[in-house]
Structures are given as C-alpha cells and as structure tokens.
Amino acid sequence: MRVINHIRKIRQERMITQVKMAEDLQVTRQTIIAIEKNKYNPSLELALKLIQYFDVPIEELFYLEKSKGE
C-alpha cells in the first residue's frame, strides 16, 4: 500500500501558493513539492499541521492506495 494525498488539489482550490504554504508551515518549498508529488510522506507532526492548516479531516488529505491483489 502507498499513501496518497490531495494536498495539491486542496491548495490550488484555495488559491494558496506553494511558497505561502511552505512559509506558513515553516518548511521548504521543496518539501511541499515532494509531498504533493507523493515522493515524500510527511512526518506525523507535519501531517497534523497540514490537517490543521486546511481544517479538514485526515481522510480528505490522505488515503491508502491498495496494490493489486490486496
């Protein structure tokens, strides 16, 4: 299984730039890019900050992608 997120979609819907989001969360823009491209899973602390930042339930930001045969 793989963790997938909808961070880019929600960020774009709310017209928040990657730079603004990175500044607000005190991370680099490269971190935001990696998370949005599913190349990096955020730490638990950052995941909780993202949930608070967007004020959405965890299921709206993250879900598990099932592999074939699961």
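Which residue forms a salt bridge with Lys-20, and how far apart are the closest N and O atoms? I looked up this pair before turning to the rest of the model.

**Entry 1: ground rules.** I noted that this is a predicted model, in which local features need pLDDT of at least 70 and side-chain atom pairs count only at pLDDT 80 or more, while totals for chains, interfaces and linings use all residues. Residues are numbered from 1 along each chain as its sequence is written, and side-chain values use heavy atoms, with hydrogens and water left out.

**Entry 2: the pair in helix H2.** I found that Lys-20 forms its salt bridge with Asp-24, with 2.9 Å between the closest N and O atoms. A salt bridge here is a side-chain nitrogen of Lys or Arg within 4 Å of a carboxyl oxygen of Asp or Glu. Both residues lie in helix H2, four residues apart, about one turn of the helix. Helices are DSSP runs (H or I, at least four residues), numbered from the N terminus. Lys-20 counts as partly exposed at 42% relative accessibility, and Asp-24 counts as partly exposed at 35%. For these labels, buried means under 20% relative accessible area, exposed over 50%, and partly exposed in between (1.4 Å probe, protein chains only).

**Entry 3: other salt bridges.** By this rule I recorded a count of six salt bridges. In one of them, the side chains of Arg-8 and Glu-36 meet at 3.4 Å, N to O. Arg-8 lies in helix H1 and Glu-36 in helix H3, so the pair ties together parts that are 28 residues apart in sequence. Arg-8 is partly exposed at 33% relative accessibility, whereas Glu-36 is buried at 6%. I also noted that Arg-8, Arg-11 and Glu-36 are linked in a network of salt bridges.

Glu-13 is exposed at 53% relative accessibility, and Lys-9 is partly exposed at 48%.

**Entry 4: the nonpolar core.** Which residues have the most contacts inside the largest nonpolar core? I listed Ile-7, Met-21, Leu-25, Leu-50, Phe-54, Leu-61 and Phe-62, in a core of 16 residues. Such a core is a set of buried Ala, Val, Leu, Ile, Met, Phe, Trp, Tyr and Cys residues joined through side-chain atoms within 4.5 Å. Helices H1 (7-13), H2 (18-25), H3 (29-36) and H4 (44-54) each supply at least two of its residues. H4 gives the most, with five residues.
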